[in-house]
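Please look at the sequence and structure before reading on.

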Amino acid sequence: MEQKFQGFGKLLHGGDYNPEQWLDYPEILEKDIEYMKEAHINVVSLGIFAWASLEPEEGKYEFSWLEERINTLYENGISVFLSTPSGGKPKWMSDKYPEILRVDETRHRDFYGFRHNHCYTSPVYREKVRMMNMELARRFGNHPAVLAWHISNEYGGECHCPLCQKEFQSWLKERYGTIEALNNAWYTRFWSHTYQSFEQIESPSSRGESFLHGLTLDWKRFVTERTADFAKWEIKALRDAGSDKPATINMMYDFQGLNYHKFTDIIDFVSWDNYPVWYKKGHALLAMDSGMQHDMMRSLMKQPFLLMESCPTSTNWQSVSKLKEPGLLEAASLQAVAHGSESVLYFQIRQSRGSYEKFHGAVIAHNGRRDTRVFKEVEQVGSDLEMMISLAGSITKAKIAIVCDQESRWAMEDSAGPRNKGLHYKEAVEKSYYAFRKAGFDVDFVDMETDYIEEYQVIAAPMLYMFRCGFEKKLRSFVENGGILLMTYWSGIVDETDLCYLDEVPHGLTDVFGVYSEEIDGIYDGMKNCAVPTEGNSLELEKTYTCEYLCDLVNTGSAEVLMTYGKDFYAGKPVLTCNRYGKGKAYYICADMEQAFYDEVYSRLIAQSELQPIIPGLKLPAGVEITSRENEQDVFVFVQNYLSETVNLVLPGEYELIFGEKHEEIKPLETMIFRRKK
Ligand code: GAL
C-alpha cells in the first residue's frame with residue numbers, strides 16, 4: 001500500500017479546544033494560551049461543533065473570533081487541526097430545512113437536538129456544508145497554523161428518509177443491474193418476499209423487513225458508502241476552495257456502524273478517539289484491548305496514525321467516572337505512540353462550564369489551576385513527546401496479520417444460528433491477537449480486500465464466516481508459497497451476498513486444510529468441552545484445554561490431527577489439525593478454545609518456523625507489552641509494564657535506552673524505549 005502520510009516531523013500533543021464557548025471570557029482565552037505552552041501543547045483541534053458561532057444566521061459568516069484564535073495560537077507556536085463543523089447543525093437550519101433532520105428506522109423524523117444526526121443525502125445539508133467548508137478553506141485553508149483538516153466528528157448513524165430510500169434503490173440498481181439478480185442474491189422466494197422493481201425496496205426496519213439478511217447487509221454497505229460519499233463531498237469543497245492540507249476523520253473504538261476500510265481512499269491519514277475503561281478487567285488485559293484497537297487503526301492505511309482524542313482523567317459518559325491513578329495517563333498515552341501514533345491528543349483542553357460535558361475530564365479544570373495533578377501529568381506527557389522527536393514518522397513492520405473483515409462480521413452477527421446470543425467474534429479475534437503479542441510480535445490487521453497479504457509470514461483468520469473478493473484464492477497461494485495460515489470454526493460458510501456455499505466448507509480451502517466441516521454444535525452458556533492432545537502430535541502439545549460456545553465437527557483428509565474432543569457424542573473427533581500444503585502449513589481450529597490454548601499452540605508453531613519476534617530470546621511475562629517502530633536507520637522498541645509488580649528487564653547490548661530510567665527492571669506503568677541501529 002502506498003504510504004501517503006509520513007507524519008508532521010514531530011510528535012503532536014494537544015486536543016479539542018472550544019474557544020467559542022469562552023468568547024465572553026477574554027481573560028480565560030488569554031490564560032489558555034499560557035497554559036497550553038506550559039503543558040507542551042503544540043496543536044489544537046478547532047471549530048468541531050462551532051457552526052452556530054460561525055454562521056449565526058443563514059449566509060452570515062462570523063469568522064473573526066476564529067481568525068483571532070488561529071493567529072494567536074500561531075504566534076505562540078501552536079498549530080491547528082481545523083474542523084469542518086458538520087457534526088452539529090444550528091437550530092435555524094433545522095427549523096428552516098427540516099429535511100436535514102434524520103428519519104429513524106421506524107420512519108419517524110427526529111426533532112432538533114443532540115449531534116451527529118444529519119441526513120447524509122439531503123441536498124440542502126450538503127449545500128450548506130459545501131458553502132461553509134469552502135468559506136473556511138478560503139479563509140484559513142492555507143494559513144501556516146493549519147496542519148490538517150479534521151472532517152466533521154465521529155461520523156456514524158443512518159437516515160431512513162425518503163431521499164435516502166431513493167439513493168438506496170439506485171445504489172442497488174447499480175450493484176445488481178436487474179431485479180431478478182437482486183432477488184436471487186437475497187434469496188427472496190423465501191417467505192414470498194420477491195420484489196418486482198427496485199422502487200419497492202425499503203431499508204430494513206423493526207416494523208417491516210429485518211430478517212432478509214441480504215437486504216440488511218447491503219443496507220449496511222450502503223450506509224458506509226453514503227457516509228464515505230459525504231466525507232468525500234466535504235473534502236472536495238476544501239480542495240475546490242484551494243486548500244490541499246491533509247484531511248482525516250476521527251474514528252471510534254470497535255465501531256460497527258461503518259466499514260472504515262472504505263474511507264482510506266478518501267482521507268490522507270487515520271485518526272481515532274480512544275476512551276478505554278481502565279480498571280474494568282485489569283490493566284494488563286485492558287492494555288491488550290487498547291493496543292489491539294491501535295493496531296487496527298494503524299493497519300487501515302499501514303502508515304502512522306493519530307490519536308485524536310483521549311481523556312486526561314475520567315470521562316462523564318461511561319457508567320462510572322473513574323479517575324486514572326498517577327502514571328496511568330502517561331502509560332496509556334505512550335502506548336498509542338508505541339503502536340504507531342504520531343500524537344497524543346485529548347478531549348478536551350478546557351472543561352466546558354455547562355451542558356452535557358461539563359463534568360468530562362479536561363487538561364484545564366473549572367478551577368482554572370495549573371498546579372493540579374492532572375495538569376502536571378499532561379505536562380509530563382508533553383515533555384515526553386518532545387524528547388521522542390526521533391520517532392516521528394517511523395512505522396511498524398509486522399510479519400503477522402489477523403484477518404478482520406467488517407462485512408463478514410456484519411453478515412455473521414445478523415444471521416440466525418448457530419448461537420444467536422454470543423458468537424463471541426471480538427473475543428475470537430482477541431485470542432489470536434493476545435497470543436501473538438504474548439509471543440513478542442507486532443501484529444497487523446487486514447480485510448478481504450487487502451492485496452498484500454503475501455507480505456506476511458503468518459495469517460490468522462478467526463471466524464471468517466463470509467468469503468468475498470476471491471479471498472480464498474489469496475489464502476491458498478499464501479500457503480502454497482510458504483505461509484502459515486490459521487483458520488477457525490465458522491469460516492468460509494457464505495458468499496458475499498450471504499448465500500451459503502453448496503459445497504464443503506471452508507469453501508475453496510478444504511484441500512488446503514485437509515479437512516471439511518460437517519456440522520457445528522452451538523453449546524449452551526456454562527457447558528464446556530475440551531481438547532485433548534493426540535499422542536506424538538507434531539507440536540508436542542501435552543496439555544488439555546477447555547472450549548465452549550461453538551464446536552465444529554470436521555472430517556479429515558490429508559490433515560494431521562493434533563487434538564481431539566474429550567467429551568460429548570463427538571469425543572475423539574478433531575479439534576486442532578495441521579495440513580502441509582505447497583511450501584506452507586494450514587492449521588484449522590475447530591472450537592472456541594480458551595486463551596491458554598492459543599498461547600501455547602501459537603508459540604509452538606512459531607518456534608517451529610523461521611519467524612523471529614521483536615527481540616529474539618527475550619521472555620517477558622504477559623502484561624509487559626513489547627512493540628516496535630522503525631525508520632531507515634533505527635528500530636525503536638517500546639516496553640511497557642501493565643502489571644502491578646516490577647519486572648526484570650535486560651536487553652541485549654545493541655539496544656540503547658533512549659527513554660526511561662537506566663535500571664535493569666521495569667516498574668508498574670513504566671515505559672522504556674530502546675534504539676537499535678540497523
Ligand atoms: C467523543 C467525541 C467528543 C467528546 C468525547 C467525550 O466521542 O468525539 O466530541 O464528546 O467523546 O468523551
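## Where the ligand sits

The ligand sits in the largest pocket. A pocket is found on a 1 Å grid over the protein atoms alone, as an open set of points with protein on both sides within 12 Å along at least five of seven lines. A molecule sits in a pocket if more than half of its atoms lie within 2 Å of the grid points of that pocket.

The model is predicted: local features need pLDDT of at least 70, side-chain atom pairs count only at pLDDT 80 or more, and totals for chains, interfaces and linings use all residues. Residues are numbered from 1 along each chain as its sequence is written, and side-chain values use heavy atoms, with hydrogens and water left out.

## The shell around the ligand

## The largest pocket

The largest pocket has about 1,300 Å³ of space, where a volume is the space filled by probe spheres set on the grid points, joined across faces, edges and corners. Its lining (residues with an atom within 4 Å of a point) has 45 residues, and Phe49, Arg115, His116, Asn153 and Glu357 lie nearest the centre. Helix H2 (51-54) and helix H9 give two or more residues each to this lining. Helices here are DSSP runs (H or I, at least four residues), numbered from the N terminus.

The lining of the largest pocket divides into 18 nonpolar, 16 polar and 11 charged residues.

## The cavities

A cavity is a set of points where a 1.4 Å probe fits but cannot get out. The whole structure has four cavities of 30 Å³ or more, and the largest cavity holds about 340 Å³ of space. Among its 23 lining residues, Asp254, His261, Met296, Cys404 and Gln406 are the closest to the centre.

Helix H9 (283-301) supplies the largest share of the lining of the largest cavity, six residues. That lining divides into 13 nonpolar, six polar and four charged residues.

Technical notes:
Nonpolar A, V, L, I, M, F, W, Y, C, P; charged D, E, K, R; others polar.
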